[in-house]
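User: I would like to work through a structure with you, one topic at a time. Please show it first.

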Amino acid sequence: MTKPIEGFSKLTKNQKIDWLTTHYTANPEAAKILLKRYWNVNEDVQKLHDEFIENTITNYYLPFGIAPNFLINDKLYAIPMAIEESSVVAAASKAAKFWLDKGGFKTEVLGTEKIGQVHFMYHGSKEHLMSFFEQVHSKLLSDASSITKNMEKRGGGINNIKLRDKTDALDNYYQLHCTFETLDAMGANFINSCLEQFAKTFKAEAQSFSIFTEEEKTIEIVMSILSNYVPNCLVRAEVSCPVTELKNGNTETSQQFAEKMVQAVNIAQVEPHRAVTHNKGIMNGIDAVVLATGNDFRAIEAGIHAYAAKDGQYTSLTHATIENGIFRFWIELPMALGTIGGLTSLHPLVKLAMELLGKPSAKELMQIVAVAGLAQNFAAVRSLVTTGIQEGHMKMHLLNILNQLGATDEEKKILTHHFKKHPATHNAVVEAFEKLRNTK
């Protein structure tokens, strides 16, 4: 039985690998070779990657792809995407090409306000607490001035601090609800530093507030932390064209195709089971660009899914209408991104991704990412209401299956040609592969 290890983090990388492979793999030497195969040959680059997180033993590769031909606000982009799922980059590229000669994507940032909160427990008069907050408000700001000085020089900083009574949800629970502008930084460290200073000032000043009782002076700070739900940090992306331009290469008329697209989106708006999968497809595009640009895709996921349920039921993030012969398809969602700080200035491929996008501001990146999500959703819904999702997906997945089977380059060429005209189910690929092998 493997015993717990003390001081694992203090071991060298090779010592960690020796211990791990000895205790947790069937073939330690083979596992060591595999892990080291993914090390970067450049020692400085590898050292950089080693220091991104704790206990690093190797690098984990994801494909870094490009979806070209995105016309966004009359500017052409080639969008980098880091993702392992087949068909995502192809679907995004196909949607970009579809809308290229129809005016492309139009986007707008509706807000950039971010949120943080100091959560605390207070036992006493609500009127006393409000009076205290009104008195201490200016000191909360002045005590944080050393933190906010540089951000304010760039035009950002603290927007507002409000006292919120949450005792209807939890006994004695209150919060300082704070809003911020962080410009091109995602701003997590800035916001959290401000919040912790607010908490320190708030707790200390309570001790000398004259009308507080001894019990009221004992404000219990529970935690001070930013929120990844940013409903006022919003971006909108849209495509539209006359219904007559929606040629789809099948037997349906453009009107029938447009109506089915609207119906499919409407179903996702009223049926949560469909909405989750519908929005997952949107996140295929969003996460891929967020990851490629060194941003926090978990934070983006959490905030966007919360926004999808903001009215009490989880629903579609996209919308579609037909009005006066015009088909419109759009998305509106919260997104807190950064283009400076963190991995954006450290990871070599992230820096390249930013360069490929023209070194965008945070606002510009919000719009690019929203477009990737909208394009992905358009491509997915389009497939669903026409050929079905499996035809395109399985053909993109074909190479993965053939690689699992150990197909040679010549066999891949033959079978790829074969499945251009046949459904590429997993069983069909295996059967065709075995038949090809047996005829040699």
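User: Which ring does Lys310 lie over?
Analyst: Lys310 lies over the face of Tyr307, at 4.3 Å from the ring centre. A charge counts as over a ring if NZ of Lys or CZ of Arg is within 6 Å of the ring centre and within 35 degrees of the ring normal.

User: And what lies over the face of Phe8?
Analyst: Lys16 does, at 5.9 Å from the ring centre of Phe8.

User: What kind of model is this, and how are residues numbered?
Analyst: It is a predicted model, in which local features need pLDDT of at least 70 and side-chain atom pairs count only at pLDDT 80 or more, while totals for chains, interfaces and linings use all residues. Residues are numbered from 1 along each chain as its sequence is written, and side-chain values use heavy atoms, with hydrogens and water left out.

User: How many helices and strands are there?
Analyst: The protein chain has 16 helices and ten strands. These are DSSP runs numbered from the N terminus: helices are H or I with at least four residues, and strands are E with at least two. The C-alpha atoms of the chain fill a box of roughly 90 × 70 × 40 Å along the principal axes.

User: What share of the residues is buried?
Analyst: Of the 440 residues, 44% count as buried. Buried means under 20% relative accessible area, exposed means over 50%, and partly exposed lies in between (1.4 Å probe, protein chains only).

User: Strand E6, then. How many of its residues are buried?
Analyst: Nine of the nine residues of strand E6 (residues 173–181) are buried. Both faces are covered: Tyr173, Gln175, His177, Thr179 and Glu181 lie on one side, and Tyr174, Leu176, Cys178 and Phe180 on the other.

User: In which sense does strand E4 pair with E6?
Analyst: Strand E4 (residues 114–121) and E6 pair in the antiparallel sense over eight bridges, and Ile115 stands opposite Thr179. Strand E5 (residues 157–165) also pairs with E6 in the antiparallel sense over eight bridges, with Leu163 opposite Leu176. Two strands pair if DSSP finds at least two bridges between them.

User: New topic: how many aromatic pairs does the structure hold?
Analyst: The structure holds 19 aromatic pairs. Rings of Phe, Tyr and Trp (its six-membered ring) pair if their centres lie within 6.5 Å; planes under 30 degrees apart count as stacked, over 60 as edge-to-face and the rest as tilted.

User: Why is the pair of Phe132 and Phe209 called tilted?
Analyst: The pair is tilted because the ring planes of Phe132 and Phe209 stand at 55°, with the centres 5.3 Å apart. Phe132 is in helix H5 (residues 126–143), and Phe209 is in the loop between helix H7 (188–206) and helix H8 (214–217), 77 residues apart. Phe132 and Phe209 are both buried. Phe120, Tyr122, Phe132, Tyr174, Phe202, Phe209 and Phe212 form one aromatic cluster.

User: Now charges. How many salt bridges are counted?
Analyst: The count comes to 15 salt bridges. A salt bridge is a side-chain nitrogen of Lys or Arg within 4 Å of a carboxyl oxygen of Asp or Glu. One of them joins Asp74 and Lys106 (3.2 Å, N to O). Asp74 is in the loop between E1 and strand E2 (75–82) and Lys106 is in strand E3 (residues 106–109), so this pair ties together parts 32 residues apart in sequence. Asp74 is exposed, at 62% relative accessible area, whereas Lys106 is partly exposed, at 38%.

User: Is Glu238 buried or exposed?
Analyst: Glu238 is buried, with a relative accessible area of 18%. Glu238 forms a salt bridge with Arg328, the closest N and O atoms being 3.1 Å apart. Glu238 lies in strand E8 (residues 234–242) and Arg328 in strand E10 (residues 326–334), so the pair ties together parts 90 residues apart in sequence. Arg328 is partly exposed, at 22%.

User: What about Asp296 and Arg298?
Analyst: Their side chains meet in a salt bridge (3.2 Å, N to O). Asp296 is partly exposed, at 32%, and Arg298 is exposed, at 51%.
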